[in-house]
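Hello,

Here is the structure I promised to pass on to you. Please open it beside this message, and then read on for what I found in it.

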Amino acid sequence: MSSVPRLVIAAPSSGSGKTTVATGLMAAFAARGLAVSPHKVGPDYIDPGYHALATGRVGRNLDAYLCGPELIGPLFAHGARGCDLAVVEGVMGMYDGAAGEGELASTAHVAKLLRAPVVLVVDASSQSRSVAALVHGFASWDPEVRVGGVILNKVASDRHEALLREALDAAGVPVLGVLRRVPQVDTPSRHLGLVPVAERRAAAVGAVAAMGAQVSAGCDLEALIALARSAGALSCAAWDAAEVLVSSPPPPLPVPSLGAAPPDPRFGPEGASSSYAGRADFAHPKSKVKVAVAGGHAFTFSYAEHAELLTAAGAEVVVFDPLRDEQLPDGTRGLVIGGGFPEVYAAELSANEPLRKAVSALAESGAPVAAECAGLLYLCRELDGRPMCGVLDAGARMSERLTLGYRDAVALSDSVLAVAGTRMRGHEFHRTVVEPGSGAAPAWGVRAPERRVEGFVQQGVHASYLHTHWAAEPGVARRFVERCRTS
């Protein structure tokens, strides 16, 4: 049972100011001495970095597509354990979810799963009385979503504020804050969104402080806390990495029949189980194996639960920086390279030839290597003409086209992460192209939104554009660590 007070910060559309308000609220409440648990709806890695800066706690994602609706409550309770208050930043517009999946993974969906009141952030810069119709529509669209108040953003003047408040009186939704445009709160963006905190920490500290000050001055914090305390209790056990790994798993499932349906048998039968198909009942290891995890400015994308699962499975997780470290940590038995911006740091990554050779040698030894998106680019032969690790016989380059969206996938090859036939859900977000896009043994068959093969499996390497959330399939971490132990 979790009764942590909580708020979900939503908006009619992207660009309304959710990140400013959510991060500002986190900073403002933390400045009052409250232990604030920060959360982000959806797969985004960057906003949680700002949340962590505001609260001093790990920013965690709540993604009902990647993890399934049944894990939203437990993952929330895990992150919010021992906290006085939780603030959950929404994604896109409040009712925008996974394409073609109805409400799934939308801010509204997560708010309902958390039994949490919603605060609607409205960009009021180009409207006055119409704001009442907008707020009324969002508040009444789904009776199961409780919009407990509105924060007006980008308000031009006292006169503008008066007009907005007068209009909203008739809508029956209280105004809990009014924010004016403040330039120093702006945070720089580039081709995939905000610049991560790790790349601009000093400036980010100032920006977060400014957000907190603006929210403190413009919002009724007491009313917001009272609203948070009105959230219903959650009847669920908190997610725990050790418990999900120790709990008795089902026996390994056979690889699904590669029969006639669907037309391309590599994608598995339409009814294939989404359960992890490689959960061997490994004995709990008595000694740790060292798993190196890429970090630093170039590799900032990772879900906190991944390291927790690796640790619970018997790994000693050690973070290293491919921009600075010339060797992998001593005793490395496995390597995880997550997402980030290697295209921004291609020259520096290429110049670190000793580390590139060390990564290549580890891969050639057959040690487990799991690479997602940025990690895939780093393992390629080259990136924008600059030499990379050369583990994969493929080239990577920047592209004008943004690839973005959820993916329903099935493992096509046995690997250090999964056995063939395992279904997982992932997310792609990049402006790069890898040619060829898959190897002789592809990592995934993407089932939706279009059918294609993707990624590389060779020796102990699993490299792919897909970001996945291992909390949905904890056997991934268990299998990876076991392979580290036996390879």
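Val-150 has Val-175 of β7 standing opposite. From β6 the chain passes through helix α6 (residues 158–169) on its way to β7, and this β-α-β crossover is right-handed. Please bear in mind that this is a predicted model.

Strand β6 (residues 147–155) and β7 run parallel and are joined by four bridges. One of the pairs has Val-155 with Arg-180 of β7 as its bridge partner. On the sheet packs helix α5 (residues 130–140), which touches both β5 (118–123) and β6. The direction of α5 makes about 150° with that of β5.

Now for the sheet as a whole. Strands of a sheet pair through backbone hydrogen bonds, either parallel or antiparallel. Here the pairing is parallel, in an open sheet of seven strands. If you trace across it, the order reads β3-β2-β4-β1-β5-β6-β7. Which strands lie at the edges? They are β3 (60–62) and β7 (175–180), each of which pairs on one side only. From one strand to the next, the twist averages 25°.

The axes of helix α1 (residues 18–31) and α2 come within 8 Å, crossing at roughly 20°. Because of that angle, α1 counts as roughly parallel to α2. Their crossing is right-handed. On the α1 side, Thr-19, Thr-23, Met-26, Ala-27 and Ala-30 take part, and they meet Asp-47, Tyr-50, His-51, Ala-54 and Thr-55 in α2. Sorted by kind, the residues of this contact between α1 and α2 are five nonpolar, four polar and one charged.

Helix α2 has a contact with α7 as well. The axes of helix α2 (residues 46–55) and helix α7 (residues 201–218) come within 10 Å and cross at roughly 70°.

Note on methods. Residues are numbered from 1 along each chain as its sequence is written. This is a predicted model: local features need pLDDT of at least 70, side-chain atom pairs count only at pLDDT 80 or more; totals for chains, interfaces and linings use all residues. Side-chain values use heavy atoms; hydrogens and water are left out. Axes are lines fitted to C-alpha atoms, for helices over the stretch in contact, and angles run from 0 to 180 degrees between N-to-C directions. Helices (H or I, at least four residues) and strands (E, at least two) are DSSP runs, numbered from the N terminus. Contact means heavy atoms within 4.5 Å. Two strands pair if DSSP finds at least two bridges between them. A crossover is right-handed if, with the strands pointing away from the viewer, the path from the first strand over the helix to the second runs clockwise. Angles under 35 degrees count as roughly parallel, over 145 as roughly antiparallel, 65 to 115 as roughly perpendicular and the rest as oblique. A crossing is left-handed if the near helix is turned anticlockwise from the far one by less than a right angle, and right-handed if clockwise. Ala, Val, Leu, Ile, Met, Phe, Trp, Tyr, Cys and Pro count as nonpolar, Asp, Glu, Lys and Arg as charged, and the others, Gly among them, as polar.
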